[in-house]
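Trainee: I'd like to learn how to read a protein model feature by feature. Could you walk me through one?

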Amino acid sequence: MTKPKPKNPTSIHIKNKKAFFNYEILKKYTAGLVLKGPEIKSIRMGKANLTDAYCYFTKGELWAKGIHITTYKPASYANHDPDRVRKLLLHKKELNKLKKEKQEKSYTIVPLQLFINTKGWAKLDIALAKGKKNYDKRAAIKERDLQRSEAI
């Protein structure tokens, strides 16, 4: 039995489509992730989900919760918890800026996209975001429907 071949590392782009619908994106950042061995293999296979993920600060560090990375079957005993909290890596200035803006204006920090860069490192695009109201969401749906009808 042969193992499935992983995709080209730079073609892995796992997106959080709900974030663009539920939030107004204000500013984007790219952060590194602290991962365990089998986790990166699962990401390279495209087995991750960002749908319910969010970020928060604890003791001056940024953490991501709700990122589901499926267990890597061949790892057997050395596997990881698929829903564990993962530390994000950013420069100190970026962390301080994010923390300040989050506290002052009560914004949310949301993961947008998980990808593998050209060096083979797993990166997470995060954004400072403001929650949309229901009428904003309805307007977005209406615009999308109009564009679809014009394209046909």
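Trainee: Let's start with helix 3. Which strands do its buried residues pack against?

Mentor: This is a predicted model, so keep in mind that we're reading a prediction. The buried residues of helix 3 pack against strand 2, strand 4, strand 5, strand 8 and strand 9.

Trainee: And which residues of helix 3 are buried?

Mentor: Leu95, Leu98 and Glu101 are the buried ones. They fall within an arc of only 140° around the axis, so they sit on the same side of helix 3. Now look at the face turned away from that buried side: there you find the exposed residues Lys92, Lys93, Lys100, Gln103 and Glu104.

Trainee: How do I check the length of helix 3? What span should its 14 residues have?

Mentor: Count 1.5 Å a residue, and the 14 residues should span 20 Å. The end C-alpha atoms of helix 3 are 20 Å apart, which agrees. After the helix comes serine 106, with a positive phi near 50°.

Trainee: Can we try that on another helix? What about helix 4, and how many of its 18 residues are buried?

Mentor: Helix 4 covers residues 134-151, and its 18 residues should span 26 Å; the end C-alpha atoms are 26 Å apart, which agrees. The number buried is 1 of the 18, so helix 4 lies largely in the open.

Trainee: Let's go inside. Which residues have the most contacts in the largest nonpolar core?

Mentor: Here's the general idea: in soluble globular proteins, nonpolar side chains tend to be buried together. In this model, the largest nonpolar core has 28 residues, and Leu62, Leu88, Leu98 and Ile126 have the most contacts inside it. At least two core residues come from each of strand 2 (23-33), helix 2 (37-44), strand 4 (54-58), strand 5 (61-65), helix 3 (92-105), strand 8 (108-116) and strand 9 (122-131). Strand 9 gives the largest share, 4 residues. There is also a second, separate core of 5 residues, with Ala19, Leu112, Ala127 and Ala129 among them.

Trainee: Could we zoom in on isoleucine 126? Is it buried or exposed?

Mentor: Isoleucine 126 is in strand 9, and a relative accessible area of 0% makes it buried. Leaving out neighbours within four places in sequence, its contacts include Cys55, Leu62, Leu88, Leu98 and Leu112.

Trainee: What does leucine 88 touch?

Mentor: With neighbours within four places set aside again, leucine 88 is in contact with Ala31, Gly32, Leu33, Cys55, Leu62, Ala64, Leu124 and Ile126.

Trainee: Now the strands. Which residues are on the covered face of strand 4, and which on the uncovered one?

Mentor: In a regular strand the side chains alternate between the two faces of the sheet. For strand 4, Cys55 and Phe57 form the covered face, while Tyr54, Tyr56 and Thr58 form the uncovered one.

Trainee: In which sense do strand 4 and strand 5 pair?

Mentor: They pair in the antiparallel sense, over 5 bridges. Tyrosine 54, for instance, stands opposite lysine 65 in strand 5. Their hairpin has 2 residues between the strands, and lysine 59 takes a positive phi near 55° there.

Trainee: How many aromatic pairs are there?

Mentor: A pair of aromatic rings is described by the distance of the centres and the angle of the planes. The count here is 1 aromatic pair. The rings of tyrosine 54 and tyrosine 56 have centres 6.2 Å apart and planes at 40°, so this pair is tilted. Tyrosine 54 is partly exposed at 38% relative accessibility, and tyrosine 56 is partly exposed at 25%.

Trainee: Last step, the whole protein. How many helices and strands does it have?

Mentor: It has 4 helices and 9 strands, in the order β-α-β-α-β-β-β-β-β-α-β-β-α along the sequence. The C-alpha trace spans about 50 × 50 × 25 Å along its principal axes, and buried residues make up 34% of the 152 residues. Take the contacts between residues at least 6 apart in sequence: 68% of them join residues at least 24 apart.

Notes
Residues numbered from 1 in each chain as written. Predicted model: local features only at pLDDT ≥ 70, side-chain atom pairs only at ≥ 80, totals over all residues. Heavy atoms only, no water. Phe/Tyr/Trp six-rings, centres within 6.5 Å; stacked < 30°, edge-to-face > 60°. Buried < 20%, exposed > 50% of the residue type's maximum accessible area, 1.4 Å probe, protein only. Expected span 1.5 Å × (residues − 1). Core = buried A, V, L, I, M, F, W, Y, C linked by side-chain atoms within 4.5 Å. Contact = heavy atoms within 4.5 Å. Arc of directions from axis to C-beta. Pairing = 2+ DSSP bridges.
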